[in-house]
Each structure stands twice: as C-alpha cells, then as structure tokens.
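Colleague: I would like to learn how to read a few features of a model. Could you take me through them?

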Amino acid sequence: MVAARQQQRRWYGVPVLLALYLGYVGLGAGVLQALERPAEMQVAQHLLQEHWKLLANYTCLQGPALQRLFQGIIQAYKSGITLQGNTTSLGRWDFSGSFFFSISAITTIGYGNLSPSTAAGRIFCIVFALFGIPLNLVLLNEIGQLMLLGVQHCAHRLEELFHWQKKASLLIKTCALVTGLLLFLLLPPLLFSEKEGWSYEEGFYYSFITLSTIGFGDYVIGMNPDRTYPGWYKNIISLWIPFGMAWLALVIKLCINFLESSSDICQCKKKSTEMVEDLMDGSKTNITGLHNLEICNHKDTKAKGLDESHSYPAPKEAQ
C-alpha cells in the first residue's frame, strides 16, 4: 500500500517538478527580456545610424565593401586579433593565454570568446577535454574533501581547547564560509578593477559567472588590447578558478543537503500520517509498517534536535 502510494506520488511529482522548472526558467526569460531587450534595440539602432552616416559622409565607400570589412574585423576579433593603428595585437594564443584556455575547457566554463580555428586544434581539444574533464572533477573532489577535513580538524581542536561542542562546529563553518567569500568572490574583483578597468560590480559578476561554470563570455580577463598584463596575471587566475570552484561546489552541496533534509522530514511526516491512517483502518497491522513508522519518527526527532525517540508497540490482534 505504502509502496504504491510512493510510486503514485513519483508519477505525479515529476510532472509537477518539471512544470516548476519550466515556470522558473520562463520567469527568468521574461525578466531578462524586459530588462535587456530595450538596450539591445537601442544599440542596434545606434549601429545602423552610424553605418548610414559613414556611407553618407564618405561617398567613395561602397556598401558591400564596407560590409566585408566589418565581417573581417568581427572574424579577426573572434580569433583574438585586434587593430591598433597600423599594427595588430596578438597574445591570446601565447603560453599563458593557451594555459587559461585549457583551464576554461576542462572546467567546462567555455567562455566562447576564443576557440581553435584549425582542424588539428579542434580534434586535440576534443581529446584533451575527454580526459581533462574527469581529471578536473577528481581534482575538485579532492580539494573539496581537503577543505572539509581542514574545517573538521579546526572544529575538533576548538572542542578540545575550549570544551565547546556545537558552538565550535558552527563557528568554524561560519569562518570557512566568510574566508571563502573573501578569497573567491569579494577580493578578486579588486584585482580585476585594477588590471581590467572594470567596476567592482563587473568584477564580482565575472567571479561568480566563472566559478559557477556558467561562463557567458561577456567578461573575460586579459582580452583588452589597450592594456598590458603581467605574466603572472593569467596564471594566478587559472589557479584561482579550480579552488574557487571547489569552494562554491561545497556551498551548493550544503544548500542541496539542506533542501533534501527538509524534504525528507516532510516525507517522513507524510508517511507517518499515512501509516497511522492505515492502522486505524485495520489495513496495516504487520510489524514492517510499524517499523517504518518508528524510523520516520526517529528521523523527525533527530531533525528537531531531540535525543529521545518514541516507540510504537504492535497492536494485539483482535480475537
């Protein structure tokens, strides 16, 4: 009876969850359209006006030739080449740039502003990512475990020194969260503001978009041809990315565990109610169902922080 209800709940739960997912994405799409569409139309209108103004002021220019020039400039920019007077700027595919691209590939960030243009480079990128992505996942897991061990060790030392129990664990977790916020989200924007000329909000936006592997590509470090970057800059950021991803993954995992624990408590309460109703109806008198009821109530008391749990003796059969 209980298994049938669980299966029925799952059949109904997946469509509800899917509808909630699509509704959430649709809400985001509507808000983004309302916020970004007017700016997009304004930029497009300004570009079109500049195009016609250029053709009107310089009658020697021909529309098709100018269009080909624009396309060539766009294609060159995608390849990392920009015009600087009578010269061009290179540097996206030097060692530091290639190292940064390799990091963005195996971490699945994929900014999209730079990609291999040769057939050999694309084939190598496929093979490189095929083995690099699992290696990256293993590394992130090990870094995350090391961070957890450090937090647990510090909490254990505080418990021994000051004879704290729950306060030590809560204090260390709070300190780890604040330290991670400083190292990976709050302080890096200051560096980006100095080296890239971004505002603090733009640097914070880039930090989160990068560490969450969203990687829109609208902000990428080391891509401004008008700025000179030190050699250590991209290498430091390349090392900042995996450690920041491991920390953010722990935070996301903590949120997932919190949501799952809340869901388990609710499910156990529902199961307890259903089992009690079955017992009152006389349709559930076996020991297995009562044992499941004890388990759910035991989980519920743990979630509330109680040390005692109730037991439910099996009712005597009617004679």
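Modeller: Gladly! Ser 212 sits in the loop between H7 and helix H8 (231-281). Helices (H or I, at least four residues) and strands (E, at least two) are DSSP runs, numbered from the N terminus. This is a predicted model: local features need pLDDT of at least 70, side-chain atom pairs count only at pLDDT 80 or more, and totals for chains, interfaces and linings use all residues. Residues are numbered from 1 along each chain as its sequence is written, and side-chain values use heavy atoms, with hydrogens and water left out.

Colleague: Is Ser 212 buried or exposed?

Modeller: Buried means under 20% relative accessible area, exposed over 50%, and partly exposed in between (1.4 Å probe, protein chains only). Ser 212 has 19%, so it is buried.

Colleague: What does the side chain of Ser 212 reach?

Modeller: A polar contact is a pair of N or O atoms within 3.5 Å; within protein, one must be able to donate a hydrogen and the other to accept it, and residues adjacent in sequence count only if both atoms are side-chain atoms. Here the side chain reaches the backbone oxygen of Ile 209 at 3.4 Å.

Colleague: And where is Ser 207?

Modeller: Ser 207 belongs to helix H7 (residues 200-211). Its relative accessibility is 0%, so Ser 207 counts as buried.

Colleague: Which residues is Ser 207 in contact with?

Modeller: Contact means heavy atoms within 4.5 Å. Neighbours within four places in sequence aside, Ser 207 is in contact with Phe 184, Leu 185, Pro 188, Pro 189, Phe 192 and Trp 240.

Colleague: How many helices and strands are in the protein?

Modeller: The protein has 9 helices and 2 strands.
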